Number of protein chains: 4
Amino acid sequence: MSSSYGKNIRVSIFGQSHSEGIGVCIEGLPPGHRIDMEELGFFLSRRAPGQNSYSTSRREPDVPEFLSGLVGGVTCGAPLTALIRNTDTRSSDYSGLFDLPRPSHADFAAQMKFKGAQDVRGGGHFSGRLTAPLCIAGGICVQLLKKQGIEIAAHIASIGGVSDALFDMANVSTEDFKALSANAFPVLNAESGKEMLKLIEKAKAEGDSVGGIIECAILGLPAGLGDPMFDGMENRIASIVFGIPAVKGIEFGNGFACAALRGSENNDAFYTDGETVKTKTNNHGGILGGISSGMPLIFRAAIKPTPSISIEQDSVSLSKMENRKLKVKGRHDPCIVPRAVPCVEAAAAIAVMDALLESKMYKGGY
Amino acid sequence: MSSSYGKNIRVSIFGQSHSEGIGVCIEGLPPGHRIDMEELGFFLSRRAPGQNSYSTSRREPDVPEFLSGLVGGVTCGAPLTALIRNTDTRSSDYSGLFDLPRPSHADFAAQMKFKGAQDVRGGGHFSGRLTAPLCIAGGICVQLLKKQGIEIAAHIASIGGVSDALFDMANVSTEDFKALSANAFPVLNAESGKEMLKLIEKAKAEGDSVGGIIECAILGLPAGLGDPMFDGMENRIASIVFGIPAVKGIEFGNGFACAALRGSENNDAFYTDGETVKTKTNNHGGILGGISSGMPLIFRAAIKPTPSISIEQDSVSLSKMENRKLKVKGRHDPCIVPRAVPCVEAAAAIAVMDALLESKMYKGGY
Amino acid sequence: MSSSYGKNIRVSIFGQSHSEGIGVCIEGLPPGHRIDMEELGFFLSRRAPGQNSYSTSRREPDVPEFLSGLVGGVTCGAPLTALIRNTDTRSSDYSGLFDLPRPSHADFAAQMKFKGAQDVRGGGHFSGRLTAPLCIAGGICVQLLKKQGIEIAAHIASIGGVSDALFDMANVSTEDFKALSANAFPVLNAESGKEMLKLIEKAKAEGDSVGGIIECAILGLPAGLGDPMFDGMENRIASIVFGIPAVKGIEFGNGFACAALRGSENNDAFYTDGETVKTKTNNHGGILGGISSGMPLIFRAAIKPTPSISIEQDSVSLSKMENRKLKVKGRHDPCIVPRAVPCVEAAAAIAVMDALLESKMYKGGY
Amino acid sequence: MSSSYGKNIRVSIFGQSHSEGIGVCIEGLPPGHRIDMEELGFFLSRRAPGQNSYSTSRREPDVPEFLSGLVGGVTCGAPLTALIRNTDTRSSDYSGLFDLPRPSHADFAAQMKFKGAQDVRGGGHFSGRLTAPLCIAGGICVQLLKKQGIEIAAHIASIGGVSDALFDMANVSTEDFKALSANAFPVLNAESGKEMLKLIEKAKAEGDSVGGIIECAILGLPAGLGDPMFDGMENRIASIVFGIPAVKGIEFGNGFACAALRGSENNDAFYTDGETVKTKTNNHGGILGGISSGMPLIFRAAIKPTPSISIEQDSVSLSKMENRKLKVKGRHDPCIVPRAVPCVEAAAAIAVMDALLESKMYKGGY
């Protein structure tokens, strides 16, 4: 435990990379909402593999079958369960890995925990493939949140050290979102995007991989969302975002940069904008004391380079307790950052939906 | 909700800065363990205010009274509750703040959430003072974990841009801890410590404040601790560490730095050390797939500068919806980072204790 | 775990019969509500000991001190903590019991679980005394529910086989409640009440005790409260009511009686009463599919006779594993049923409050 | 919420009577255990419909497909998900019911809660059919518990007022279980079984239905299992057993009968049996203070008569708010008690498994 998240909406993710299927069971979805399947399909396609040079050549349609929770495409208040069949699996690729853990993969830790019972094929339950059901749940929440006036978008803030422009934290608007969601490689600055792609191509050519940073903005959040201490918006978002494989850090607002500042530089001055209270700067990233301030909620997540590389690496034979060389076979993304962008949006959407349902701010239905 | 954390150990923190008292109720403590009150007292003293130039002059003994859960100083399996009376309170200092929220404090967000019912005195339930009960719970967990061979220590990694040395992530040992816990201003490099103190003094003299970064290491963790997805060690630790006021970011292992690396640089090669499997580097910070690898667990938390500064700031009158100038009165830390160090250790200890009790790796009692 | 209950309101009870104090920490109380302390005091007095012939002679004022969660007597959104000091304790009474478990008390089971670390004094955390903090939390919920138009009352349905009249399940009204809450020995039929008292006196004179049944009605519940399967109103109420020591059974509506009926006898026919849908009978006790139907919610709880009796009983020496005779010393109620009545109301109030906060039916505040 | 149960094992049930499928997602199953599919199939067949005169003629193979959580039939530590397709559905039977709620069914309450969004076909998520996935989870737990030396069996204690013999609570043994699990109509006394069947036939012939009581015994429980207050074994078992549709009451040990007894009659005297402490009687039903005593755990659940009967009943048109006559069509059990027997065993097995995993008493793997 726990492959499920949330209190007022509960998202339970199941499946292994090479099991019969993967999927999600969602409890607590407000009833009476029609799911736009086309929109959801587009959302899922943004993380789907096999689309381009920088993602794995594994091809899967990944069209979810909805087993429960809907009547005529409308949520009925019962748990919604969606299933994606695993089709294009090549388990033989992984057969050798039981004894030889891949560096910086979950293989070794899983072996220590599950004593060999774990499913090693394709990383089993630890596979990045499990972000597909996360995106189903998140994509549905994105649609529900839109009805509440809340919109979420993320972009590639950096890859391999090449930086994109960042959101103007105090003034980011849905205008800035338009270019992103439509784009399979979402960046604010097209030029840096091209540089990033070059970097990825180079890494791929050399059998290597690169990491990056994703920045996410949530707009339209009412002020007063979230709770003190351990259910603050930071806690809620962090505890789900770290559920995305390869995330090694998260920061809100100006994040780690605040550590080098003085209070007089970091504090966000209040001012009135008509009947609304805003802050001139937004170093707090829209969260004060764990609770939304009404300013844009901004966070960044660090994504490590894909651990699967073709270059030979040092590992050990767990059975013989001897050092060994390892060359990882199989198909892998030289950079998972672009495909992780919708996953970060999905995670954020679920966290916000859960906080919203717990608060008394959820408008209408249910 | 939620001012409580944990599933197999449950820590519920209560109180406001100026209420009758603050405290903690801890469910799930293994029975039969004697609490070393002297050791706990020392742990609490590390975050206590009024000790030195860089902390608030508010003086409180903060000696907890144990109301339940102990028989003759030994845990009895019933919830342990500890109470700290609030004595040296000057509510008058805060009387004006109801209408005029302090920039980058929780005041405004709390007003939006609680509609004026919240306790504004001293920040109420949002006050840093609530980290005292967190440290009671954490200090007890530190003692229980030591019996399991698990030790935790944190130090000031940077303040206002001045950096301390960092832990050697692959080789940090309890040797490195000795200098830290004894030290009210815990740094690995004494020289940088002196520079930091100068920075703090300067900020204080100018009525300003500074932020910093805290680095924490957890040693002796068995491999295989933690769970996939949303109960990984990162998720568990992040969701409690963000409960410490002023934390704006967290990273594990090399954290955000991994984003600029290639897989071949970031991957941690395995090797055998006798019957143990180790990694040559520890960029993964002791966590793979959310599960402990047996290497030191390393994380860093960004602490923003104390928002309370004497310098005049811009705020608004919430009743009149007009812009206003604000000068924050009261006694405040020019830098809370040193006092936050034991809080970070406490949070980590509680998260590890919870994961340990959920796993089948907790040795002995209960 | 778990001495805490609830998801959207969380009630954590702490303390042992002879610890420094007992109390409760309540998270999730809607802010902005003034607690009527006089009304709460009266509610608590209904379960207070030492009032009359049929309760223990242990006398304690049991006036709670509110440590947090209130500002000027009004809930502020922070966890509310109330403390009752243990004063009139005679631990010596219990010193011998460590080795000699009292029949039908928790002593033996606690020893098996806590291996001797448990607090045996007065039953420790298992003492009926812990229902005092339950009544604090419940008494507060009773006040909040009243503002929502929801009222709760319970009465003694039977003692030692002598039955009171039962609520007319389909037509019970707040009129029927008036006589009850004011009465220290709440019954619908005064004559049967007198008989019950005689029974209790007789049992007391013979150093024995008697059990009974408590019936509880909840009026004003909106239809549609509760959730399918494991969060139905039955599940929610049962899981807290069994937290009251000595409860051995619970039934809703006609309960066990339905087992002997045919569907045509047990089904509750619908009819319209103006714009409201009602049922002619109420065998379903106001709950269909776990969800409130808008009819009165009715349940009954079976309370076993106080296990503490002065008559000599058979026990064993746990250290010597030999059979022993035991005479229970100390002060005990010959019948706890009357004092359990407000406890049942309190438990019901907490369960309803939690369900109400989870639903979107909670009106106003928060 | 909540269609999921448990803390250390989490069982999430999804599906509606006429959705694509129904199923269960189980988190926290210990890894490394082979599921005996034949044994599980037999367990499921005990609740399967269409077998005999007293159950609905709806026929479904109900063979679960395992989508995840197994590798070669062995639990791998990842969530186990099983799916049963809904095949033999006749939605037309229910089309009329939207406006005309069936007496004592969930229809009306669901309408009040979900405002018409709920799935009415076959009772939707409220259908007794959802006990099939409960039995999958429970049947798996039964197998895991057997390895721990814990066995569970239930029988029909009464139907329509005709009583079976009851378990000898202090002396029931696995010997008594042999006759039960093999029997599609499990009773201790064959003669009363025949009478019950006559009653059912008669009710069926008259288009009516009958209720009953199920008694369940759990053997081999270690003493010390369960927790004080709200996680006692009674609370845990009650909160899942009320998740079985039609359960209206539950009692432990002698249950409601204790209310008419004196302490001297109800108390269970201790004695030593070699190195074991036992009680001469078992009125406490194996639970003291919420914690297992090591004696057989005994409880009884009251099952109301199937609300679906062919006899004309009074209902209302929710759209027109007018009284109407209703004749329920479709295929229904004249008595669901026999099929509910394995459901009660399943619920008990899940509750015990959850308590066992939380305790430190779970032996071996994980």
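Ser158(C) stands opposite Ile213(C), a residue of strand β10 (residues 212-219) of chain C, and this strand is joined to β8(C) by eight bridges, the two running antiparallel. The model is a predicted one, in which local features need pLDDT of at least 70 and side-chain atom pairs count only at pLDDT 80 or more, whereas totals for chains, interfaces and linings use all residues. Residues are numbered from 1 along each chain as its sequence is written, chains are lettered from A and ligands numbered from 1 in the order in which they are written, and side-chain values use heavy atoms, with hydrogens and water left out. Strands are DSSP runs of E, at least two residues long and numbered from the N terminus, and two of them pair if DSSP finds at least two bridges between them.

Strand β8 (residues 151-159) of chain C has eight of its nine residues buried, so it is largely enclosed by the rest of the structure; buried means under 20% relative accessible area, with a 1.4 Å probe and protein chains only. β8(C) also pairs with strand β9 (residues 162-163) of chain C in the antiparallel sense, over two bridges, and here Ile159(C) has Val162(C) as its bridge partner. The two strands form a hairpin with two residues between them, and Gly160(C) in the turn has a positive phi of about 50°.

Elsewhere in chain C, five strands form an open sheet with antiparallel pairing, in the order β1-β2-β3-β7-β4. Its edge strands, each pairing on one side only, are β1 (4-5) and β4 (65-68).

| Strand pair | Bridges |
|---|---|
| β8(C) and β10(C) | eight bridges |
| β8(C) and β9(C) | two bridges |
| β4(C) and β7(C) | three bridges |
| β11(A) and β11(B) | three bridges |

The contact (heavy atoms within 4.5 Å) takes 103 residues from chain B and 103 residues from chain A. Together these chains bury about 8000 Å², 63% of it on carbon and sulfur atoms, where buried area is the accessible area (1.4 Å probe) that two parts lose on being put together, summed over both. Ten salt bridges are found across this interface, each a side-chain nitrogen of Lys or Arg within 4 Å of a carboxyl oxygen of Asp or Glu. One of them joins the side chains of Arg262(A) and Glu206(B) at 2.4 Å, N to O.

Methods:
Buried means under 20% relative accessible area, exposed over 50%, partly exposed in between (1.4 Å probe, protein chains only). Helices (H or I, at least four residues) and strands (E, at least two) are DSSP runs, numbered from the N terminus.
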